[in-house]
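Hi,

Here is the structure I promised to pass on.

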Amino acid sequence: MQEMKKCKKVVFYSYVNSGNRGCEAILKSTYDILGLGKDQNETLIFTDDVEGDTKCGIDKYGKLFSIPYIYNHQFKPLTSVFPRFLRKLKIDKNALWKYKYNRYASEFTSDTLALSTGGDIYCYDDSDWLTYLNNLALKKGAKTVLWGCSIEKSRITDFVKEDLKKYSLITVRESITLNNLKEMGITDNVKMFPDPAFKLKPETADIFEWGKMGKVLGINISSHIIKDQKVYKEFIRFVNHVLETTEYSVLLIPHVFWEDEDDLKMLSDFSKELTLKDKVYLVDRAYSSQELKYIISKCTMYMGARTHSVIAAYSMFVPTVALSYSLKSRGIARDIFGDEKNYTLKISNQTTFDELWDSFQFLEKNQGQIKQYLENELPKYIEKIDSEKEVIEKLFGGKYEK
């Protein structure tokens with residue numbers, strides 16, 4: 001058999017932007033895992049926020065290619081109106097994706113590794129842009145990889161199933177997704193590895209006098225899990241109870257800074273509802289993913305909604321409960337601890353103070369044992385990521401050319 005051409009270019013084509021620090025963490029970790037970096041032009045990053053990514057240093061990891069940001073419910077940019085019209089009327093279902101991405105179609109070649117790094121993006125509506133890009137890259141001869149994904153079984157329609165089978169490789173980050181794909185007959189192109197962000201290196205951010213804060217409960221909440229005032233008030237009651245009845249200070253940590261779901265704004269408003277202000281700390285600006293990982297490492301315990309904030313906590317050996325809203329949190333907890341019970345708390349509009357308090361008490365009672373378990377087991381779990389590069393090399397019939 002003739003040897004396939006080796007990989008000379010990596011395109012992060014579904015990266016979106018670093019406003020979600022999870023996206024940033026995946027990209028930066030993947031860069032290290034695959035040993036990229038000899039030449040910036042070898043790594044291309046499609047982003048709809050060049051300015052924001054530059055502030056996070058993403059431009060140091062590759063060449064940024066600007067993709068139009070499409071405003072929801074607004075005719076912005078005006079040049080997107082016609083392709084949106086074609087899509088809405090079903091004249092051309094891919095018109096919008098052509099408008100956004102076709103200018104860079106030539107970047108996909110036979111020596112290109114095309115990485116889709118969105119994690120759970122197949123779990124959201126309108127994922128057909130991923131199908132369009134997968135087909136576009138494959139037609140150009142590139143190797144397409146769905147990287148570190150989580151997919152709900154209910155989302156695997158016949159259309160999505162055929163799309164997933166076309167990928168050169170799918171790496172799943174937890175066993176629930178692996179089993180979902182197996183049940184749907186998708187096995188030949190699937191491997192399982194921990195989420196790449198477990199390998200993210202923290203960077204010092206001494207924004208508080210850590211030694212004076214005493215025991216610290218880190219908390220991250222988001223609009224994904226808190227959708228009504230009833231649950232919001234239960235969270236306020238819970239955190240106030242922690243402040244008033246325990247030795248813990250509370251550190252509020254944002255992890256996503258998108259305009260339409262800004263953790264910082266939500267947590268800033270949340271902090272105003274809390275008692276004992278001298279025990280409340282807010283990470284009050286958009287630190288990078290590496291800096292946030294360092295900040296999370298300073299917590300005695302952690303309760304977080306954003307999956308990549310939870311991954312940061314696990315990998316820094318912080319006893320953690322994931323405030324879960326999807327299978328990814330449950331799957332990762334199951335793979336690390338053997339069972340997601342007690343390590344995840346599913347948040348719904350029925351979530352109560354008692355459930356939140358019970359989760360806190362579980363962490364408080366078992367924190368020493370959990371921390372020791374993480375210190376003993378996480379290095380072995382994370383070590384599995386090191387073989388991902390070899391799997392990528394095999395796609396090209398030889399070693400990856402840096």
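Ser175, Ile176, Thr177 and Asn180 of helix H7 touch Leu327, Arg330, Gly331, Arg334 and Asp335 of helix H12, where contact means heavy atoms within 4.5 Å. Sorted by class, this contact of H7 with H12 has two nonpolar, four polar and three charged residues. (Ala, Val, Leu, Ile, Met, Phe, Trp, Tyr, Cys and Pro count as nonpolar, Asp, Glu, Lys and Arg as charged, and the others, Gly among them, as polar.)

Before going on, a word on the source: this is a predicted model, residues are numbered from 1 along each chain as its sequence is written, and local features need pLDDT of at least 70. Side-chain atom pairs count only at pLDDT 80 or more, while totals for chains, interfaces and linings use all residues, and side-chain values use heavy atoms, with hydrogens and water left out. Helices (H or I, at least four residues) and strands (E, at least two) are DSSP runs, numbered from the N terminus.

Back to the pair: H7 (residues 175-183) and H12 (residues 327-337) pack at about 110°, with their axes 7 Å apart. That makes H7 roughly perpendicular to H12 (65 to 115 degrees counts as roughly perpendicular). The axes are lines fitted to C-alpha atoms, for helices over the stretch in contact, and angles run from 0 to 180 degrees between N-to-C directions.

**A strand on the inside**

Now find strand E4 (residues 112-116). Five of its five residues are buried, so E4 is largely enclosed by the rest of the structure; buried means under 20% relative accessible area, exposed over 50%, partly exposed in between (1.4 Å probe, protein chains only). Thr112, Ala114 and Ser116 point one way from E4, and Leu113 and Leu115 the other way. In general, side chains in a regular strand alternate between the two faces of the sheet.

E4 pairs in the parallel sense with strand E1 (residues 9-16) over four bridges (pairing takes at least two DSSP bridges), and Val11 stands opposite Ala114. Four bridges also join E4 to strand E5 (residues 143-149), again running parallel.

**One more buried spot**

Leu374 sits in helix H13 (residues 353-383) and is buried, with a relative accessible area of 0%. Leaving out residues up to four places away in sequence, Leu374 touches Tyr314, Phe317, Val318, Pro319, Ile336, Phe337 and Pro379.

One of those, Phe317, has a positive phi of about 65° although it is not a glycine. Phe317 is partly exposed, at 24% relative accessibility.

Cheers

Notes:
Parallel < 35°, antiparallel > 145°, perpendicular 65-115°, else oblique.
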